[in-house]
Amino acid sequence: MRRRAVIGAIVAVLVVAATVVVLVATRTDGTAPAAAANRSDAAPAIGAAATTTPPVSTPPVSPTTTTTTSTSASAGTAKPTSAAVSGDAPLAGRIKPGVTHSGVATFYDTDGTGACGYDASTDPLNAAMNVADFEGSQACGAYVQVQAANGASVTVRITNLCPAPCRVGQVDLNPKAFDRLGARNLGEIPVTWKLVSPPSVPDISLRYKDGSSQYWCGIQVIDHRNPVARLEVRAGGSWKRLQRTDYNYFLSENGAGCGGAVAITDIHGERLVVDPLPVKPGVSQPANRQFARH
């Protein structure tokens with residue numbers, strides 16, 4: 001009798017346990033809570049496969065540390081400067097005031113025409129600049145003083161591009177300009193050169209490119225004392241900055257500002273405003289302005 005009572009008690013316990021397992025494993029909608037199996041704090045499922053790999057504890061991530069690291073990396077690498085964001089990029093390129101360059105002087109036969117798009121000139125004091133320092137026409141019209149080791153020097157105006165095999169720092173002079181530095185039979189001579197702002201230059205002129213009209217125009221600045229950094233046109237009550245081409249014209253591809261007022265800025269930051277000039281393609285028109293000497 002006692003043995004039957006014990007067996008009955010054991011059976012009752014097993015029935016209760018089975019009922020609890022069924023209740024835990026069943027949601028109110030009758031489906032198993034699968035998401036619980038993916039939680040790191042969930043109880044392991046019954047069976048060896050579920051217990052072979054213990055749950056991995058992931059350390060908490062500090063938002064402060066993450067933010068600090070991200071900000072620091074941006075500041076040291078790819079964070080854009082205020083100049084890049086606002087469009088107020090540096091005015092001077094590779095050729096800038098107070099910087100002396102080293103290279104060699106060579107010579108070639110030239111009349112002052114070339115990549116800058118200037119007219120032929122009887123003035124022999126001109127030169128072509130190597131690709132790196134030409135910098136996509138930014139060097140056009142710049143005056144540089146070239147000096148040889150013997151102390152001789154000459155000031156020339158950049159009117160052309162000297163392609164490879166010209167090297168960085170190389171200046172290719174008109175033969176008569178080269179004569180002021182050394183004998184031509186030398187072929188090339190080591191030199192230093194730097195930007196200068198000459199005392200005597202004619203007033204600036206502007207020229208609309210061939211094919212220009214009120215719908216499309218290119219504008220060229222000629223005879224500027226200092227290198228030109230920017231050109232803007234007055235359009236719709238505001239100033240619009242034009243992009244410079246490798247052939248030394250500033251383009252207004254949608255015609256904005258063509259025939260209107262023009263503002264020219266040099267690498268020193270001086271800004272000259274020129275009154276509207278008629279769109280006369282291929283004609284150099286006086287602007288009656290000139291940059292200050294530096």
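Colleague: Let me start with one side chain: is Tyr249 buried or exposed?

Modeller: Tyr249 is buried, with a relative accessible area of 9%, where buried means under 20% relative accessible area, exposed means over 50% and partly exposed lies in between, using a 1.4 Å probe and protein chains only. Before we go on, please keep in mind that this is a predicted model, in which local features need pLDDT of at least 70 and side-chain atom pairs count only at pLDDT 80 or more, while totals for chains, interfaces and linings use all residues. Residues are numbered from 1 along each chain as its sequence is written, and side-chain values use heavy atoms, with hydrogens and water left out.

Colleague: Which charged residue sits over the ring of Tyr249?

Modeller: That is Lys209, whose charged end lies 5.7 Å from the centre of the Tyr249 ring; a charge sits over a ring if NZ of Lys or CZ of Arg is within 6 Å of the ring centre and within 35 degrees of the ring normal. Arg157 likewise lies over the face of Tyr118, at 4.3 Å from the ring centre.

Colleague: And how many aromatic pairs does the structure hold?

Modeller: There are two aromatic pairs, meaning rings of Phe, Tyr and Trp (its six-membered ring) whose centres lie within 6.5 Å, with planes under 30 degrees apart called stacked, over 60 edge-to-face and the rest tilted. Phe107 and Phe178 make a tilted pair, 4.8 Å centre to centre with 55° between the planes. This pair links distant parts of the chain, since Phe107 is in strand 1 (residues 100-107) and Phe178 is in helix 5 (residues 175-178), 71 residues apart. Helices (H or I, at least four residues) and strands (E, at least two) are DSSP runs, numbered from the N terminus. Phe107 is partly exposed at 29% relative accessible area, whereas Phe178 is buried at 0%. Tyr247 and Tyr249 also form a tilted pair, 6.1 Å centre to centre and 45° between the planes, and Tyr247 is partly exposed at 36%.

Colleague: New topic: why is strand 2 largely enclosed?

Modeller: Five of the five residues of strand 2 (residues 126-130) are buried, so the rest of the structure largely encloses this strand. Strand 2 pairs with strand 4 (residues 153-162) in the parallel sense over five bridges, and three bridges join strand 2 to strand 5 (residues 171-173) in an antiparallel run; strands count as paired if DSSP finds at least two bridges between them.

Colleague: Which residues touch the most other members of the largest nonpolar core?

Modeller: Val146, Val156, Leu173 and Leu181 do, out of 29 residues; a nonpolar core is a set of buried Ala, Val, Leu, Ile, Met, Phe, Trp, Tyr and Cys residues joined through side-chain atoms within 4.5 Å. Strand 2, strand 3 (143-148), strand 4, strand 5, helix 5 and strand 6 (189-196) each give two or more residues to this core, and the largest share, four residues, comes from strand 6. Apart from this core lies another of 19 residues, among them Leu206, Leu231, Val262 and Val274.
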